[in-house]
Amino acid sequence: MFARLAVNIPAVSGVFDYSIPTELIPHLQTGCLVVAPFGNQTVQGVVVELSDSSLIANPKPILDLLDPAPVLTPAQIALAMRMAETTLNPPAAIVGMMIPAGLSQQADVLYSVSSDQPSVSSDQLSVTPVQKRLLNLLRERGPLRGRQIDSHFAKVDWRKTANFLVKKGVLAARNVLPPPRVRPKHIRVAQLAVTPEAAEAEMDSLGSTKQTLARRRAALRFLIQQPEPVNLSWIYAQTGCNLADLQELEERGLIRLFENEIFRDPLERIENRELENGGQFVLSAEQNFALEQIVNSIKNHPISNLEYLLYGVTGSGKTEIYLRAAEEVIRQSRQAIILVPEIALTPQAVRRFLARFPGQVGLVHSKLSEGERYDTWRRARNGKLNVIIGARSALFSPLPNVGLIVVDECHDGSYYQSEPPCYNAVTAAQEYARLCGAVCVLGSATPTVEQRYHAEQKRIRKLELPSRVTDSLLPPVHTVDMREELKSGNRGMFSRILAESLAEVISRGEQAILFLNRRGTATYIFCRDCGSTLKCPNCETPLTLHVASQKSKVSDLSPETFELLCHRCGYTRHKPKTCPSCGSNQIREYGLGSERVEAEVRAMFPQARTLRWDWDTTRQKDAHEIILAHFANHQADVLVGTQMLAKGLDLPLVTLVGIVLADVGLNLPDPFANEKVFQTLTQVAGRAGRSARGGRVVMQTFTPDHYALQFAAKHDVDGFYERELEYRRRLGYPPFARLARLEYRNQDPLKAEAEAQKMAEGLKVRLEAEVRRQTELIGPVPCFFAKENGEYRWQVILRGPDPASILNGMRLSDWRLEVDPISLL
């Protein structure tokens, strides 16, 4: 017997044949996690196929089976191979995303100071600072793996130095495979081992002193009342006994002490608040029709349409349809995956599903601990969960029989993973649903142009929800031309109408949201004398000012200081007192940021309670849940935030949304820029007036004539779609063509340019050989953000009916490849 493995070396493409040792043949299945040799390394691999024959002679044998139960289902393996084919990623890179962090381990190299050179000093052998630093580290800390050394050498290529020292015999190196970092968690518990009557009979003989007797009696009486095993910590807290007391009771045969496995469940931290009407709504006619179509497909999936675009305005009740569709799937003994675009939305969605499916819901997202993710993954694999909710990684939960996949807010860019391996979770969800025979529902008030076009072309069925389920209508949007405000003498960040509206809302005890698509206090810092802008040395993008005195919101910064921060690589520095270019002290800030908006609200309305919700305030675990819970419980009057506010939140007390600057993102050199601005503004406007109280939106802009803003002000999704579709048709962009983007990065700008030119020349040769040439080459050109994290970026773009096919067989290991990218910046 032979097995075909995807080895856990993401840069290696393809799958590899191995022989199966006789003792493993009865236990090995497709999807199992194994250990195998690869070159001179020992690596992990996943069995993607079993076969009676091998494509190569004398394949190496598998060394060990790490888990007798498969870590991937057959449908997951099929999805991984399909994604590898369509995105041109190595299969191992896709498989690696499906195995929980901590369980999946990559081969590493263990470095140590060679025992053959005990008397040689670093001064005698080392001629560079990196060599000295590396030797001193290993002498102080002892042997370290490569990934451990990485944490001590940020942005330093120490591996060339290490290899040189290995060749000189100064260092020793050997390949190792670290053990998994996660394992099941156990706690010590106690349980009564005799009948309650037998325990009561022993009460007077449990100790020789009053204190000892009292403690042991209390412990025994407590365990008599507990039918299930009890955590020892709980027994200590309730009775005042100690471990010696419990060990004595065990020696007398009265109780049992043993270990129990527990699941680390992140849902324990989420308060399960039932909805006021018991969680059930009376559906509208449009909701009923949409639900009937979806349920019909669930019941008759072999013959029915399996993909739907649920196109409904904000507040139209899409979540209730998801809940009832999941109910039907569970009745069919199958499971549901519910994807939401942001961790911020997860607690709100989880509460709705927990109320409907208590004890059956699992939560998956990147802010969970490795143990929490591992335990949720195991429960899903064992069929103990019927619903998985989370961000894009939740799609890869090993549910045994998936019947429904929902992608809520399917237009959202966070479903796209822009770091290798690049993929779009929306298209992956559609493909996974087809492989599982499951129903796939894409839900949005503002679907992408491509999604809407595919629905119009009948590739996916469109179901419409044109009105809100409450008595309220979509909120009216008042567009304010900030040029006119300036002319009238108002130089503040708030127009008169927005300031007045805020005052009214606060006085009525209602809530307001102020949206700004920027973090920080000021957009950039410049010198008024010479005009130079302070930029990040790694990325050459303007640094953003953050006011560190608001320590509760930006915990990493010191009080009473002004910090400049790069939002791309994290570089920080203090705000200089003089210009680095000319020495002038005329250093000024320009632009708006969420911190400055919050400070302005506090200055104008001292009585108002404010919260800020952006990347800086949500870096800690559970921060999203805490901020949202505070605002939902009316512990704040005004919520200032960035894009997270546009993510489908349901906040009934919000009657005002102020869009402080709607222009952010317009006119970028990206064919998708206007669509993203329109979607964001339409979504954030939909946060207002979601109850009978009604609401309004004030949108401030310096470009009120821009078509994206005009359509957003009218909630006119259809009008924007028609205008944008014609724009894409003229320029030849999706959905009328597909894109493939190749990006090269290097610290040397000349090498980055040369490699991009070399790639372009090679692609031109391939394009000239293309039959009925339909693919176009764009570039090479520097990326819009030409430098990031110390590396220069160049890109080449292919546009045509199937641009990825041009790249088949090419060596792309040093390139970042995106098929169907959502941005060209």
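Among contacts in the chain (heavy atoms within 4.5 Å) between residues at least 6 apart in sequence, 74% join residues at least 24 apart. The structure is a predicted model, in which local features need pLDDT of at least 70, side-chain atom pairs count only at pLDDT 80 or more, and totals for chains, interfaces and linings use all residues. Residues are numbered from 1 along each chain as its sequence is written, and side-chain values use heavy atoms, with hydrogens and water left out.

The chain holds 24 helices and 35 strands. These are DSSP runs numbered from the N terminus: H or I of at least four residues for helices, E of at least two for strands. Of the 825 residues, 53% are buried. Buried means under 20% relative accessible area, exposed means over 50%, and partly exposed lies in between, with a 1.4 Å probe and protein chains only. The accessible surface of the chain is about 36,900 Å². Carbon and sulfur atoms account for 49% of this surface. Areas come from the Shrake-Rupley method with a 1.4 Å probe.

In soluble globular proteins, nonpolar side chains tend to be buried together. A nonpolar core is here a set of buried Ala, Val, Leu, Ile, Met, Phe, Trp, Tyr and Cys residues joined through side-chain atoms within 4.5 Å. The largest such core has 81 residues, of which Ile659 and Leu681 touch the most other members. Helix α15 (residues 425–436) gives the most to this core, with seven residues. Another core lies apart from it and has 33 residues, including Ile298, Leu306, Val350 and Val406. Leaving aside neighbours within four places in sequence, Ile659 contacts Phe515, Leu681, Val684, Val697, Val698, Met699 and Gln700.

Helix α6 (residues 159–167) has Thr161, Ala162 and Leu165 as its buried residues. They cover an arc of only 100° around the axis, which puts them on the same side of α6. The arc is that of the directions from the helix axis to the C-beta atoms. Lys160 and Lys167 are exposed on the other side of α6. The buried residues of α6 pack against β6 (108–113), α4 (129–141) and β8 (171–176). Just after α6, Gly169 takes a positive phi of about 85°.

Strand β6 pairs with two partners. Two strands pair if DSSP finds at least two bridges between them. β6 and β8 run antiparallel and are joined by six bridges. Ser112 has Ala172 of β8 as its bridge partner. β6 also pairs with β7 (residues 144–145), in the antiparallel sense, over two bridges. There, Leu110 is partnered by Arg145.

Rings of Phe, Tyr and Trp (its six-membered ring) pair if their centres lie within 6.5 Å; planes under 30 degrees apart count as stacked, over 60 as edge-to-face and the rest as tilted. The count comes to 12 aromatic pairs. Phe16 and Phe38 form an edge-to-face pair, at 5.0 Å centre to centre and 75° between the planes. Phe16 is in strand β2 (residues 16–19) and Phe38 in strand β3 (residues 33–38), 22 residues apart. Phe16 is partly exposed, at 26% relative accessible area. Tyr453 and Phe736 are also edge-to-face, at 5.3 Å and 65°. This pair links helix α16 (residues 449–456), which holds Tyr453, to the loop between α23 (717–731) and β32 (738–746), which holds Phe736, 283 residues apart. Tyr453 is buried, with a relative accessible area of 14%. Phe736 is partly exposed, at 28%. Ring pairs also link Phe678, Tyr707, Phe711 and Phe720 into a cluster.
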